[in-house]
Amino acid sequence: MNHRNNQDRNELAKRAALLHLSSLSLANGMKSGSFKSLYHGQGVEFSGVRDYLIGDDIRAIDWNVTARMGKPYVKMFEEEHELNVFIVADRSLSMNTGAEKRSRLETAMECCALLTLASLQNSSPVGAVLFDGEISFSTAPKGGKNHALSLLSKFEEEFNPKNGSYLDNALQGAGKLLKKRTLVLVISDFRTEGWEHPLAYLAQHHDVVAIRITDPMDEELPDTGSIPFIDVETGYQCVLPTSSVPFRKVWREDNKMRVDLWKKECIKRGAFPFCLNTQSDVAVELTRFFAGRSSI
């Protein structure tokens, strides 16, 4: 038993080291790429008032304080230099699927871990909400190594997902939780309804990236004859004729149509759509996206 525990700890240490190395390039991509304006001078924050001095811009006068005090005061502002990062991560039953070695859920959690470590590298406060058929975990953005490690532990923990998807509620909750402009990353397979309006509201106040976790079988079915399929959310079962060329064509075209509609809907709602495949190198793809958003 001790030997097995030591092996598990060694594997976890190796995985943590790899994630840390991968997050370094991602952190640079996040700060130097298309979202760099959010990190440097993304806005100003009111810090107080002081006496008016000759030469001050009269547009900065705080007329309410001036009226109360009987002499002119001007508002003072401080430029914001840190960016809050917030992750909305789907852990519903449909995410625990995948044709090859890595499931959508494993891909999503690796994505969460990398974004958290990259935020730590950039000294960016990071928070998250995890959901399946209910909200299972939520925390506002915070800075510091201990908080980041706590989040990484949450991403790694085993759990029993509830039926359904609370994506709409998770997006609404994020909107209420976030008090300043934030880079929000929504990681899901988007196999649910009702997320469009909450996403649009969130995108009005924050910069939102919608990351759709895809799998090779979404696009192409293997030619293996008639095989049973089951909907893990509803339990519905059917047999699909995967040897049928016309059927595989319809499957491929239907998936393309749904993904294209999803991308258009995201853009319409003010979010940046990005597809991340279970078989891709998560760190490379995320770094490429933040460096140029070439996939949009």
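Predicted model: local features only at pLDDT ≥ 70, side-chain atom pairs only at ≥ 80, totals over all residues.

Author: Residues are numbered from 1 along each chain as its sequence is written, and side-chain values use heavy atoms, with hydrogens and water left out.

Reader: What share of the residues in the chain is buried?

Author: A residue is buried at under 20% relative accessible area, exposed at over 50% and partly exposed in between, using a 1.4 Å probe and protein chains only. Of the 296 residues in the chain, the buried share is 42%.

Reader: How many disulfides are there?

Author: A disulfide is a pair of cysteine sulfur atoms within 2.5 Å. Cys266 has its closest cysteine sulfur in Cys275, and because 8.7 Å lies between the two sulfurs, they are too far apart for a bond. By the distance rule, the number of disulfides is zero. For Cys112, which is in no disulfide either, the nearest cysteine sulfur is 5.9 Å away and belongs to Cys111.

Reader: Is Cys112 buried or exposed?

Author: The relative accessible area of Cys112 is 0%. Because that value falls under the cut-off for burial, Cys112 is buried.

Reader: How are helix 4 and helix 5 oriented to each other?

Author: Helices (H or I, at least four residues) are DSSP runs, numbered from the N terminus. Axes are lines fitted to C-alpha atoms, for helices over the stretch in contact, with angles from 0 to 180 degrees between N-to-C directions, and the axes of helix 4 and helix 5 (residues 145-156) come within 9 Å and cross at roughly 175 degrees. Angles under 35 degrees count as roughly parallel, over 145 as roughly antiparallel, 65 to 115 as roughly perpendicular and the rest as oblique. Helix 4 and helix 5 are therefore roughly antiparallel.

Reader: Which residues of helix 5 meet helix 4?

Author: Contact means heavy atoms within 4.5 Å. On the side of helix 4, the residues include Cys112, Ala113 and Leu117. Their partners in helix 5 are Lys145, Ala148, Leu151, Leu152 and Phe155.

Reader: How are helix 4 and helix 10 oriented to each other?

Author: The axes of helix 4 (residues 104-121) and helix 10 (residues 282-292) come within 10 Å, crossing at roughly 55 degrees. Helix 4 and helix 10 are therefore oblique.

How values were computed:
Helix = DSSP H or I, 4+ residues; strand = E, 2+ residues; numbered from the N terminus.
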